[in-house]
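Dear colleague,

Please find below the structure that I am passing on to you for your work.

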Amino acid sequence: MAKFRRRTCIILSLFILFIFSVMMGLKMLRPNTAGFGAPFGLDLLPELHQRTIHSRKSFDYQKINRINDEVNTKNSKNAETTVKPSKASELNLDELPPLNYYLHAFYYSWYGNPQFDGKYIHWNHPILEHWDPRIAKNYPQGRHSPPDDIGSSFYPELGSYSSRDPSVIETHMRQMRSASIGVLALSWYPPDTNDANGQPADDLVPTILDKAQKYNLKVTFHIEPYNNRDDQNMYKNVKYIIDKYGNHSAFYRYKTEAGNTLPMFYIYDSYITKPEKWINLLTPSGAHSVRNSPYDGLFIALLVEEKHKYDILRSGFDGIYTYFATNGFTYGSSHQNWPKLKVFCDRYNLMFIPSVGPGYIDTSIRPWNTQNTRNRINGKYYEVSMTAAIQAQPSLISITSFNEWHEGTQIEKAVPKRTSNTVYLDYRPHKPGLYLELTRKWSERYSKERTTYTKMFNAY
């Protein structure tokens, strides 16, 4: 009897351990009904917390222990080890599916290294403390120290590269072409301006356009929240972009239902600027209006909170996008809200562009933000996002991101890497190109689905 009880206890203990492991492994795939949580949530977004914190660009931290099966471990016993990727085989572009120009990917050209820039840029982001000193004291401070310690939970196949390296730009275009992404949405600051941790990069645009053209990709602009952004300087900057780059064959234009072919501009953190300013720019009677002029376009606003949709409508925007790759983080990024947003957009003749992502982990740059991590689950999280987006029958789909490494939303190739202090995450048991392959699969599926529902819509 004692042996039976002991065996029963062992079996029960193993069963409990199994259930616990499964629950923890699935924890990061936050359900649609998940709340934002405290202390982190909408507080991180500009104008929604007393201390304005830019939600993508202002952070980089020391490595800390990761969550569950996505874990970075401190391993002082091992000497530095890097698993070098095998040389990528040449792509036969003729064998790839056609490019999908209704699939856009957010692209960042803000990385730098000593070879091309004289120093590391962005890979060495500084640590930003949590706004609550009681929480901040529990986390490290300082900067990352490339090339082995970078501001990311993953490590790029290309290493701590420079966005100025022509071979890097070429490789990026090839990767996007292999994934059937038709348009890259380039993060853009006006000339001689940059984010808090970067350097001006407008001079890279001609090279990016040329390299994109080689692979039949198109380039649109993701205008960042530069200092004092308002209707007057927005007009000047839109005019600058169209005058300088608008004649390039890789410059993206979207054909509207009315038959007009217009450039498109994603406006990040659009809600920071008051609707009255946007009205001046985006309505025909505005003081600095682009409407019905050579500088007219499709201006896409970022929707974070539900109430923003009414401000977006009043401001004169042409559509909305959701950007964040964290399901449940904001109203806009929550998959369950996409059908309702699509209905709203249809009612008011707005474009709806949901943003999908492969996962999210920024604990290397915000170590206190573990509750917003979304485990990739070997690609399943990405596929769930794609499914939700396609079911909403959107105008376009945007991908967050091709290479935003700080927040772990990249689909760019990543490789295993271990140093004396850190084990980076990677895509194993799959190959470094897993998310490019998944993107290609879903790009083709979306193209077919979009053709079907567009025909049905036009039939009515």
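This is a predicted model: local features need pLDDT of at least 70, side-chain atom pairs count only at pLDDT 80 or more; totals for chains, interfaces and linings use all residues.

Salt bridges

The structure holds 16 salt bridges. One of them pairs D203 with R164, whose closest N and O atoms are 2.8 Å apart. Because D203 sits in the loop between strand 3 and helix 5, and R164 in the loop between helix 3 and helix 4, this pair ties together parts that are 39 residues apart in sequence. D203 is partly exposed, at 48% relative accessible area, and R164 is also partly exposed, at 27%.

A further salt bridge links the side chains of D362 and R366, at 2.3 Å from N to O; both of these residues are buried. In the salt bridge between D426 and R428, the closest N and O atoms are 3.0 Å apart. Here D426 is buried, with a relative accessible area of 19%, whereas R428 counts as exposed at 52%. Salt bridges with shared partners also join D117, R164 and D203 into one network.

A buried aspartate

D318 lies in the loop between helix 8 (308-315) and strand 8 (319-321). Its relative accessible area is 18%, so D318 falls under the 20% limit for a buried residue. The side chain of D318 makes a polar contact of 2.9 Å with the side chain of R291, and it reaches the backbone nitrogen of F299 at 2.8 Å. Beyond its neighbours within four places in sequence, D318 is in contact with residues including G297, I300, N349 and M351.

Helix packing

In helix 5 (residues 205-214), the buried residues are V205, I208, L209 and A212. They lie on the same side of helix 5 because they cover an arc of only 100° around the axis. Residues three or four places apart in an α-helix point the same way, because there are 3.6 residues a turn. Among the elements that cover the buried residues of helix 5 are strand 2 (100-107), helix 4 (166-178) and helix 6 (231-245). Just after helix 5, N216 has a positive phi of about 65°.

The axes of helix 7 (residues 275-282) and helix 8 come within 8 Å and cross at roughly 35°. Helix 7 contributes P275, E276, W278, I279 and L282 to the contact, and helix 8 contributes D311, R314 and S315. By class, the contact has 4 nonpolar, 1 polar and 3 charged residues.

S153, in the loop between helix 3 (133-136) and helix 4, is buried at 0% relative accessibility. S153 and T363 are 210 residues apart in sequence, with their C-alpha atoms 7.4 Å apart in space.

Yours sincerely

Definitions and conventions: Residues are numbered from 1 along each chain as its sequence is written. Side-chain values use heavy atoms; hydrogens and water are left out. Helices (H or I, at least four residues) and strands (E, at least two) are DSSP runs, numbered from the N terminus. Buried means under 20% relative accessible area, exposed over 50%, partly exposed in between (1.4 Å probe, protein chains only). A polar contact is a pair of N or O atoms within 3.5 Å; within protein, one must be able to donate a hydrogen and the other to accept it, and residues adjacent in sequence count only if both atoms are side-chain atoms. Contact means heavy atoms within 4.5 Å. The arc is that of the directions from the helix axis to the C-beta atoms. Axes are lines fitted to C-alpha atoms, for helices over the stretch in contact, and angles run from 0 to 180 degrees between N-to-C directions. Ala, Val, Leu, Ile, Met, Phe, Trp, Tyr, Cys and Pro count as nonpolar, Asp, Glu, Lys and Arg as charged, and the others, Gly among them, as polar. A salt bridge is a side-chain nitrogen of Lys or Arg within 4 Å of a carboxyl oxygen of Asp or Glu.
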